[in-house]
Amino acid sequence: MRYVRGVFNYRKNHKILFIVILVILLISIVNWMVPRYYDYRQIPTKVYCDKNEIDKQKYLLFPMTAIVFDGGLGNQLFEVFSLLGLAMKLNRTAIFNSDDWILHSKLDLLQEQVPQVAARIISIPIEIAESTRFLYSPACCHYQFASLLSCEQNRFLIIDGQYFQSFKYFSTIESSIRKWLKPPQDEEMFLKKMIRRKDELRYKHCVHIRRGDFTTDSQHAGTDAVFTIRAIDYLYSLHPGLIYLFSNDPEWVRKRIAEQLDYHGDVKIMETPKDAAIKDLYFSQVHCDSVLITAPSSTFGWWIGYMSKNQSNVYYRDIQETEDMVKYQMLEEDFFPRTWKKLGMSRNGLIITK
Ligand SMILES: *[C@@H]1O[C@H](CO)[C@@H](O)[C@H](O)[C@H]1NC(C)=O
Ligand SMILES: *[C@@H]1O[C@H](CO)[C@@H](O)[C@H](O)[C@H]1NC(C)=O
């Protein structure tokens, strides 16, 4: 605005000002409505190793892709626990980037289902001038730890990657994880009441079956009925007992699995609603004596196994025998704990442990 003519053009200037404000307002409304992903590329990627430990609070964060892009509970747990596990290894505090609005609009799943875990990670704004980004691109299920990161002294360290689907990231905090995921007391009482008294002492097999998205996304392979029936027969012959079937497609499970088994009376289909997935993990801790994972790249199946009572009795289908594309990027020893057992099927339908 030109001051000299200010008085003379008072009305006209007002009008221009009004239009400018309106345009700015419109732009900010549009900006606000279109989701904007936090741009980590603005953070320099120079990792510098300084052996002189600087005594100040240091932070670790991930872009949290599984949360930002609406991954399921299994994927989110891998990401969050890997963040907490790596933070421990690096002597840093795990944080969420509080400038990432999308991330914060999508924390409900974590906050509602595993509040104890969500509460462990605070949100802090990051200072770009005090941040270093480490580009990290191994495939979904590889464990990779760059020891160089241990001597990076910058206040904020961003490990710019995704998946983090290996138990090796959080093996040092395993007992804490088991504590955080324990069912609350009322849930535990409810779970105990679910089992009739005559069944209390019977051996309980839990079977995870994944259909739905896994059969159509051209990445994963869904559960195969023939393998599943044979494998359940195999486990039942080792330990007669009860069979609990967990899945995201109970109708398919009823027709293609449950009704095909000779011991119907011992088979139960669990119908946990999708927004209460954590309840299956509670069930596993309290009741599952063994777990069978039939879609080997399912992270939720993996968590049912990991939370179950005896880690020597978790069985998973050999991914190499399936059409699951994840087999080309999975490092099996990083994904499946060593005590778990791999099951294959010979051409004539015999189940073999590998
Ligand atoms: C961990 O970081 C703190 C500062 O937050 C420092 O005082 C301590 O010496 C560090 N511990 C190790 C083992 O590096
Ligand atoms: C776990 O299962 C194995 C048999 O597969 C058994 O030998 C072992 O005692 C079990 N461990 C516990 C703690 O029940």
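At what angle do helix H12 and helix H13 pack, and how far apart are their axes? In this predicted model, H12 (residues 278-287) and H13 (residues 299-307) pack at an angle of about 30°, with their axes 8 Å apart. That makes H12 roughly parallel to H13; angles under 35 degrees count as roughly parallel, over 145 as roughly antiparallel, 65 to 115 as roughly perpendicular and the rest as oblique.

Residues are numbered from 1 along each chain as its sequence is written, and chains are lettered from A and ligands numbered from 1 in the order in which they are written. Local features need pLDDT of at least 70, side-chain atom pairs count only at pLDDT 80 or more, and totals for chains, interfaces and linings use all residues, while side-chain values use heavy atoms, with hydrogens and water left out. Helices are DSSP runs (H or I, at least four residues), numbered from the N terminus. Axes are lines fitted to C-alpha atoms over the stretch in contact, and angles run from 0 to 180 degrees between N-to-C directions.

| Pair | Angle | Axis distance |
|---|---|---|
| H12 and H13 | about 30° | 8 Å |
| H8 and H12 | roughly 65° | within 10 Å |
| H3 and H13 | about 65° | 7 Å |

On the H12 side, Asp280, Leu281, Ser284 and Gln285 meet Phe300, Trp303, Ile304 and Met307 of H13, where contact means heavy atoms within 4.5 Å. These residues divide into 5 nonpolar, 2 polar and 1 charged (Ala, Val, Leu, Ile, Met, Phe, Trp, Tyr, Cys and Pro count as nonpolar, Asp, Glu, Lys and Arg as charged, and the others, Gly among them, as polar).

H12 also meets helix H8 (residues 185-193), with the axes crossing at roughly 65°. That makes H8 roughly perpendicular to H12, and the crossing is right-handed. H8 brings Glu187, Glu188, Leu191 and Lys192 to the contact, and H12 brings Lys279, Tyr282, Phe283, Val286 and His287. This set holds 4 nonpolar, 1 polar and 4 charged residues.

H13 has a partner in helix H3 (residues 73-89). H3 is roughly perpendicular to H13, and their crossing is left-handed. Leu73, Gly74, Asn75, Leu77, Phe78 and Phe81 of H3 meet Thr299, Phe300, Trp302 and Trp303 of H13, a contact with 7 nonpolar, 3 polar and no charged residues.

Finally, the domains: an automatic or database assignment gives domain 1 (57-172) and domain 2 (191-353). Their C-alpha centres lie 29 Å apart, and 18 residues of domain 1 are in contact with 21 residues of domain 2.

Note on methods
Helix = DSSP H or I, 4+ residues; strand = E, 2+ residues; numbered from the N terminus. Left-handed = near helix turned anticlockwise from the far one by under 90°.
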